[in-house]
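User: I'd like to learn how to read a sheet and the helices packed on it. Can you walk me through one?

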Amino acid sequence: MRLLHTADWHLGDRLGRIDRTADLRIAVERVARYCETERIDVLVVAGDLFSELARPDTLRETIAHWQTTFGPFLARGGTVLAITGNHDNETFCQTLRHAMALAAPLPEELGAVVPLGRFYLAAEPTLLRIKDPAGFDVWFALLPWPTASRYLAGELGQSYRDPGEKNRKLVEAFDRTLKDYQRRIPKGAPAVLSAHITVRGADIGAGLFRLDSTDDLAVEGNDLAERFAYVALGHIHKPQSLSGHSHVRYSGSIERMDLGEQRDAKGVVVFELGPAGRTAEPVVLPLESTPIYDVQVINPAADLPRLREEYSDAGNDLANLHVRYTAGLDDLEDVLRDLDRLFPRWYARDWTESGKLGPSFVVGEPDREKGFAETVREYLKQELVQHGDEETAAILERAETLMQESP
């Protein structure tokens with residue numbers, strides 16, 4: 001049985017003003033191509049299929065894209081096993097399980113064999129088996145992101161003294177579920193764990209898609225390498241294997257999701273199981289990712305020509321722009337317009353005036369030579385530089401009215 005491990009798709013996500021839908025769909029299509037070229041039997045998606053920022057219409061289009069992209073894989077008997085993550089909307093995923101034509105019902109009996117050629121979405125802890133055409137069973141322990149409704153259903157009415165206590169109970173419930181599933185799996189049978197969780201010792205990276213220590217849930221993973229033929233982890237976007245075990249790993253996200261991931265080499269992991277477990281070492285296959293970077297403009301007259309040369313082909317790149325300009329010397333509107341042509345997919349930007357006015361919003365001692373009204377006018381003109389003329393005029397007119405009405 002050949003399997004592909006991926007995670008953290010975040011379909012429908014945004015980065016600042018940029019909708020990442022197109023980037024992420026291209027990445028999904030690359031995963032689907034690997035399923036064909038590598039003759040994958042089971043695709044394991046370890047959580048965070050969707051973004052919590054996705055709009056309902058985007059989710060509908062995303063599901064339609066899924067059906068089109070993976071239709072051939074499912075038609076030839078390929079199976080998709082996915083779990084929910086902390087960024088997946090719990091209500092939406094439960095609805096998807098029951099309503100999506102592509103999805104199949106999960107078995108009520110723990111450890112039941114499921115039919116091939118289906119998409120299974122585990123929004124709750126699930127243990128199932130898939131029968132390889134060669135005649136042996138592979139067990140799958142599917143553990144989605146721990147929430148009270150998924151792991152503490154009998155304890156929803158109880159109160160928690162603080163978030164820390166709730167997190168401890170969730171981690172304990174996750175561990176109990178995992179141990180229960182391990183006891184049910186026959187000794188020596190090939191088994192895969194798919195979990196959306198932080199395992200202690202993992203390098204969480206510098207990206208935005210992580211939780212702080214008070215919200216994150218971390219479990220011990222010292223014995224996972226011995227108990228499972230492969231451990232497919234999601235939640236941490238930085239690809240890595242844990243504690244020197246090539247079969248216990250985070251696949252990482254399928255795209256660079258923010259600036260903290262700009263140096264990450266994205267990919268998916270392919271591995272193979274036989275009746276006795278892994279037949280070879282897992283192999284990482286690369287995924288081309290969108291370049292993302294910071295752009296600093298300190299001296300517009302000198303920096304803009306250099307940037308035009310260095311970034312002549314940056315039309316699809318993601319950029320965070322930082323501009324410093326000098327009033328009376330640099331025309332901020334022209335500078336921003338030039339940068340917009342160079343980096344049409346900039347997702348965030350800020351600017352600072354380096355002359356006597358200081359930042360665009362005056363900090364510290366104001367210019368005593370200017371009156372209140374003049375200071376307000378200059379500030380608004382700087383802040384509205386990228387707004388349309390009609391909108392800018394309306395805001396300035398409204399400001400003039402308010403200043404005249406002020407005592």
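User: Which residue of S20 does Asp 294 stand opposite?

Analyst: Asp 294 stands opposite Asn 320 in S20. Before going on, note that this is a predicted model, where local features need pLDDT of at least 70, side-chain atom pairs count only at pLDDT 80 or more, and totals for chains, interfaces and linings use all residues. Residues are numbered from 1 along each chain as its sequence is written, and side-chain values use heavy atoms, leaving out hydrogens and water.

User: How are S19 and S20 joined, parallel or antiparallel?

Analyst: In general, strands of a sheet pair through backbone hydrogen bonds, in either a parallel or an antiparallel way. Here S19 and strand S20 (residues 318-325) run parallel, joined by 6 bridges. Strands are DSSP E runs of at least two residues, helices are H or I runs of at least four, and both are numbered from the N terminus. Pairing takes at least two DSSP bridges between two strands.

User: And what joins S20 to S21?

Analyst: 7 bridges, with S20 and S21 running parallel. Asn 320 turns up again here, opposite Ala 348 in S21.

User: In what order do the strands sit in the open sheet?

Analyst: The order is S19-S20-S21, 3 strands with parallel pairing. Strand S19 (292-297) and strand S21 (346-353) are the edges, each pairing on one side only. On average, neighbouring strands of this sheet are turned by 10° against each other, direction ignored. For such angles, axes are lines fitted to C-alpha atoms (for helices, over the stretch in contact), and values run from 0 to 180 degrees between N-to-C directions.

User: Which strands does helix H8 lie across?

Analyst: H8 (residues 332-342) lies across S19, S20 and S21, at about 160° to S20. S20, H8 and S21 also make a right-handed β-α-β unit: with the strands pointing away from you, the path from the first strand over the helix to the second runs clockwise.

User: Which residues of H7 are buried?

Analyst: Buried means under 20% relative accessible area, exposed over 50%, and partly exposed in between (1.4 Å probe, protein chains only). In H7 the buried ones are Pro 300, Asp 303, Leu 304 and Leu 307. Seen down the axis of H7, they fall within an arc of 100°, so they line one face of the helix; the arc is that of the directions from the helix axis to the C-beta atoms. Ala 301 and Glu 309 are exposed on the face turned away from that buried side.

User: What covers the buried residues of H7?

Analyst: The cover includes S19, S20 and H8, where contact means heavy atoms within 4.5 Å.
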